[in-house]
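User: I am new to this structure and would like a close look at a single part of it, the disulfides. Please take me through them with care.

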Amino acid sequence: MHVHSHPLASHALALVSALLAGGACAAGQGAPNYAGFDRSQCLPYANPAQAASFEGAPLLNLVVQDPRDDNPPPVEAIHEVTMDTGSVGLALDAARIPGYAQLKRLPEAKPGTQFLSSSKILWVGTWVPLRVTLFDAQRRPVASARVPVLGVETAGVCRGYVSGDATCKQHALPPAKDLIYMGVGFGREADSQPQGTPDKNVLLHLDSLGGKALAEGQLSPGYIIGRGGITLGLTPENTQGFGFVKLQPYGGGDGDWQAPSMCVSLDPQSDRSASGPLCVPGSLLVDTGVPQSYITLPTAIRYRTAKEPDASARKVLISVLAKGTEVELKIPDASAPVAQVRYQVGGTQPVTPLQVIPWSSDNRPPFVNTGRHFLRQYQFLYDARQGYVGFKAQTDGCGGA
């Protein structure tokens with residue numbers, strides 16, 4: 001649920017040169033290999049019946065408990081949690097965590113923060129070890145994992161937050177309450193989430209699936225986001241028909257991957273260079289956490305804007321792309337896209353975001369957060385083991401075959 005994704009800054013001249021060159025081609029996307037993996041499981045959303053798919057964020061059912069507790073997870077303690085691909089890690093207010101005070105004293109417990117850059121919300125607490133059990137809509141256990149979970153003690157808006165701070169230096173934050181949120185994304189560490197590392201991602205550390213224990217290396221860690229649920233585990237069968245984009249390793253060497261490449265055009269029929277429509281190369285975030293899209297472009301790119309109430313804070317007026325503006329997105333580039341969408345702002349195409357919020361900058365690389373409406377057209381696959389994302393026409397039910 002975040003706006004920016006790329007850790008580097010770019011100089012204006014370099015950006016404009018890239019634009020005039022038509023953007024960089026993606027080199028050798030290749031294809032991942034899933035031979036030998038046959039374990040996967042559909043995990044239906046807790047809210048599959050919506051008037052339109054992805055009108056709201058997808059929700060999952062889960063229970064947290066002390067990992068030393070051998071009792072079955074208590075069904076009466078199930079929480080519905082937002083599944084967000086724009087952040088990493090499960091966070092909930094400390095009062096919801098059984099035995100939190102004792103868990104904080106364990107050697108592996110560590111002070112923790114999480115910052116949501118789009119809403120400027122800061123959570124402060126402690127990462128504590130927990131067992132997380134995921135349930136289907138009928139409250140049957142589907143999968144489980146043991147991961148650090150952020151017990152949030154204080155939470156609130158912190159507009160001047162500096163990444164890495166353990167507090168909001170502008171003002172004290174109130175106690176956290178009624179908070180639960182699960183980030184399942186990747187490549188988010190540079191976006192004020194240095195603690196958003198893969199070891200916090202519940203979906204990548206499953207030790208049971210479909211009621212059966214998983215041996216280490218038995219599951220190819222990753223997922224496919226479908227219209228009615230998410231497929232856990234990647235196999236030769238459920239990955240058929242996807243177009244793949246290779247990811248680059250994240251610099252920290254912790255198993256994280258950088259955001260995929262894309263290029264974006266505004267009003268592509270009228271804004272042309274000598275070689276055709278300008279398609280600005282940059283990075284991509286497919287974000288289930290927000291219904292709006294965010295686009296960062298260099299100042300050389302002009303566009304029309306209008307003032308509208310912010311979809312997430314109706315009393316605040318913000319600048320958005322003007323209705324009628326055409327947006328075209330190609331992944332990973334214009335020369336060999338494996339996925340592409342095109343819509344008119346304010347139009348009726350299913351993929352059209354609620355709003356498109358632009359930002360002109362020569363200090364940040366071009367970037368697109370698609371928002372979740374993108375998933376009305378495409379399934380989204382993430383391969384954490386080999387470093388790929390994949391795209392395929394969306395379908396009912398869980399993703400994959």
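**The disulfides, one by one**

Analyst: In this predicted model, counting the pairs of cysteine sulfur atoms within 2.5 Å gives three disulfides. If the bonded cysteines are counted along the chain, the disulfides follow the pattern 1-6, 2-3, 4-5.

One of them joins Cys42 to Cys398, with an S to S distance of 2.1 Å. Because the torsion about the S-S bond of Cys42 and Cys398 is about 65°, this disulfide is right-handed. Cys42 belongs to strand β1, residues 41–44, while Cys398 sits in the segment after β26 (388–393), so the pair ties together parts that are 356 residues apart in sequence. Cys398, by contrast, has a relative accessible area of 13% and is buried.

Another disulfide is formed by Cys158 and Cys168, whose sulfur atoms are 2.2 Å apart. The link of Cys158 and Cys168 is right-handed, with 95° about the S-S bond. Cys158 lies in the loop between β7 (141–157) and β8 (180–184), and Cys168 lies in the loop between β7 and β8 as well, ten residues apart from Cys158. Both Cys158 and Cys168 are buried.

The remaining pair to describe is Cys263 and Cys279, joined with an S to S distance of 2.0 Å. Here the torsion about the S-S bond is about 85°, so the disulfide of Cys263 and Cys279 is right-handed. Cys263 is in strand β14 and Cys279 in the loop between β16 (276–277) and β17, 16 residues apart, and both Cys263 and Cys279 are buried.

Strand β14, residues 261–266, runs antiparallel to strand β17, residues 280–285, and four bridges join the two strands; the bridge partner of Cys263 in β17 is Pro281. Both strands belong to an open sheet of seven strands with mixed pairing, in the order β22-β21-β14-β17-β24-β18-β23. At the edges of that sheet stand β22 (339–344) and β23 (356–360), each with a single partner strand, so one side of each is left without a neighbour in the sheet. From one strand to the next, the twist averages 25°.

Methods: Residues are numbered from 1 along each chain as its sequence is written. This is a predicted model: local features need pLDDT of at least 70, side-chain atom pairs count only at pLDDT 80 or more; totals for chains, interfaces and linings use all residues. Side-chain values use heavy atoms; hydrogens and water are left out. Two strands pair if DSSP finds at least two bridges between them. Axes are lines fitted to C-alpha atoms, for helices over the stretch in contact, and angles run from 0 to 180 degrees between N-to-C directions. Buried means under 20% relative accessible area, exposed over 50%, partly exposed in between (1.4 Å probe, protein chains only).
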